[in-house]
Structure formats: C-alpha cells, structure tokens
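I opened the notebook to record what I looked up in this model. The entries are in the order in which I made them.

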Protein chains: 2
Amino acid sequence: MSEFTNVTVVKKANVFFGGNVVSRTVIFEDGTKKTLGFIQPGEYTFNTAAAEVMEILSGEMEVSIQGQAEKLIIKGEGVFDVPENSSFTMNVTAHADYICSFAK
Amino acid sequence: MSEFTNVTVVKKANVFFGGNVVSRTVIFEDGTKKTLGFIQPGEYTFNTAAAEVMEILSGEMEVSIQGQAEKLIIKGEGVFDVPENSSFTMNVTAHADYICSFAK
C-alpha cells in the first residue's frame, strides 16, 4: 500500500536540527499518528516518549539504539523499533525518507 | 484551518535538487492534489504544467516568475500564482515550508 487514505494531515512541517530533519504529521481515524519525514545527511539523536517504529523507505544510515550494543546498518529500505522513554541516533550518509509510527 | 482532513497521502517523498526540495503529495476527495513541501536554502527553478498557487507558510525567499519583471520578496508568509506552462525561480535564503496547489 503506497498511500494512507482517509487521514488528516497537519499543514505545518515539523522542523528539527535546523531543517535537516523535517516531517509531516498524519492522523488516522483511530486517533493514532505517524510522521512522514526526510533526513539530510548528518548525525541526529532523538528521544522517544512512546515507543516508535521507524520504517526507512530509502536512504543509508547507521542506527544506534540506547542500551543496544549492536548497530544497525540500513541501505535502501529497513525498519527498527525504539522502546518508549529511550533514544536513538541515526548517522545518515545518504538522505533518507521515513515513516515513524507511534505506539498508542 | 491548520489541517487537511479526509485526504489521501502518498507515503513516498517527492525529492528534487538532490534532496534540497522535498514534498509530500496530498490527494483530496474531489481528485485535486496539493503538495506540502520544504526547501533548503539555495536557488531552484521549477517548470509548471498546470497553473500553481504557491503558499509559503514560513521562510525567506526572492521569487521570479517567467515573463514578470518584478521580483517578489517573501519573509515569513506569502503566496504567489504561477501560470500554466511557465516557470518560476525561488532564491531561498531561510529554509521554507510551503503548500503547492495545482489547478484542475
């Protein structure tokens, strides 16, 4: 499925790291949210409140998740889970397109 | 109105100029489309097929539209129309958040 249907989209962009990470918020009929985001090359650390699932649609990066020794290498598509109240670092080497899903 | 409701959003980003201009396509119930986009500082020229309305939500730029001698300066919010089968150049000096509406 290449689209989300019957959703609400917030017009204003979510802008982080001086515009190097930018996303749009999509709200679903059941009240859950996802963000569709784009990341410029660089290293970025995010904290989580709720648990998150990061689905990488394209791009290249190395991902470190707090408390996990092993780093994740993503080239092209990939997915990783980040627990609630945690953090993760993405070292992006080729700009990336992602979907972030937030646990209810 | 800060949101678009009952819309379809294409998951994959539209990526231009090596990732410096990135947008998401939003499709409305009447079949019309808009894109929600973000522009990094730099100079970019776009061609139009259908006429477009560019609504700048934030950012700073100088806009030149083909065939129009006068340049448009936008600081913060602004809007401009581009005829069909034309072109426009945006010289962006502070990253910009925009909505592009396409004529049917």
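Predicted model: local features only at pLDDT ≥ 70, side-chain atom pairs only at ≥ 80, totals over all residues.

**Entry: a salt bridge within chain A**

Lys71(A) is partly exposed, at a relative accessible area of 48%. I then looked for a charged partner and found Glu62(A), whose side chain meets that of Lys71(A) in a salt bridge, 3.5 Å from N to O. Glu62(A) also counts as partly exposed, with 29% relative accessibility.

**Entry: a salt bridge within chain B**

Next I turned to chain B. Here I noted a salt bridge between Lys75(B) and Glu60(B), with the closest N and O atoms 3.4 Å apart. Lys75(B) sits in strand β7 (residues 72-75) of chain B and Glu60(B) in strand β6 (residues 52-65) of chain B, so the pair ties together parts 15 residues apart in sequence. I checked both ends for exposure. Lys75(B) is exposed, with a relative accessible area of 62%. Glu60(B) is partly exposed, at 30% relative accessibility.

**Entry: the whole structure, then across the chains**

How many salt bridges does a search of the whole structure find over all chains? I got six. Between chain A and chain B the count is two.

I followed one of these. Arg24(A) forms a salt bridge with Asp97(B), and their closest N and O atoms are 2.8 Å apart. The pair crosses between chains: Arg24(A) belongs to strand β3 of chain A, and Asp97(B) to strand β9 (residues 87-102) of chain B. Are Arg24(A) and Asp97(B) buried or exposed? I found both of them buried. For that label the relative accessible area has to be under 20%.

**Entry: the interface**

I wanted the extent of the contact next. It takes 28 residues from chain A and 28 residues from chain B. The two chains bury about 2400 Å² between them, and 58% of that is on carbon and sulfur atoms. Which residues of chain A lose the most area to chain B? They are Val9(A), Lys11(A) and Arg24(A), together 27% of what that side buries.

On the side of chain A that touches chain B, the elements giving two or more residues are β1 (3-10), β3 (21-27), β4 (33-39) and β9 (87-102) of chain A. β1(A) gives the most, with eight residues. By type, the residues of that side divide into 14 nonpolar, nine polar and five charged.

**Entry: β1 against β1**

I looked at β1(A) again. β1(A) pairs with strand β1 (residues 3-10) of chain B in the antiparallel sense, over five bridges. Which residue of β1(B) is the bridge partner of Val7(A)? I read off Val7(B).

I noted Asn6(B), which is found in strand β1 of chain B. Its phi is positive, about 50 degrees, although Asn6(B) is not a glycine. Asn6(B) is partly exposed, with a relative accessible area of 41%.

Phe17(B) lies in the loop between β2 (14-16) and β3 (21-27) of chain B. Phi of Phe17(B) is near 50 degrees, a positive value in a residue other than glycine. At 38% relative accessibility, Phe17(B) counts as partly exposed.

**Entry: Thr48(A)**

Thr48(A) is found between β5 (42-47) and β6 (52-65) of chain A. Why does Thr48(A) count as buried? Its relative accessible area is 6%, and the label applies under 20%.

Then I listed its contacts. Leaving aside neighbours within four places in sequence, Thr48(A) is in contact with Val82(A), Pro83(A), Glu84(A), Asn85(A), Ser86(A), Ser87(A) and Phe88(A). Two of these I looked up in detail. A polar atom of the Thr48(A) side chain lies 2.7 Å from the backbone oxygen of Pro83(A). The side chain of Thr48(A) also reaches the backbone nitrogen of Ser86(A), at 2.8 Å.

Conventions:
Residues numbered from 1 in each chain as written. Chains lettered and ligands numbered in written order. Heavy atoms only, no water. Contact = heavy atoms within 4.5 Å. Buried area = accessible area lost by both parts, 1.4 Å probe. Salt bridge = Lys/Arg side-chain N within 4 Å of Asp/Glu carboxyl O. Helix = DSSP H or I, 4+ residues; strand = E, 2+ residues; numbered from the N terminus. Nonpolar A, V, L, I, M, F, W, Y, C, P; charged D, E, K, R; others polar. Pairing = 2+ DSSP bridges. Buried < 20%, exposed > 50% of the residue type's maximum accessible area, 1.4 Å probe, protein only. Polar contact = N/O pair within 3.5 Å; in protein donor to acceptor, adjacent residues only side chain to side chain.
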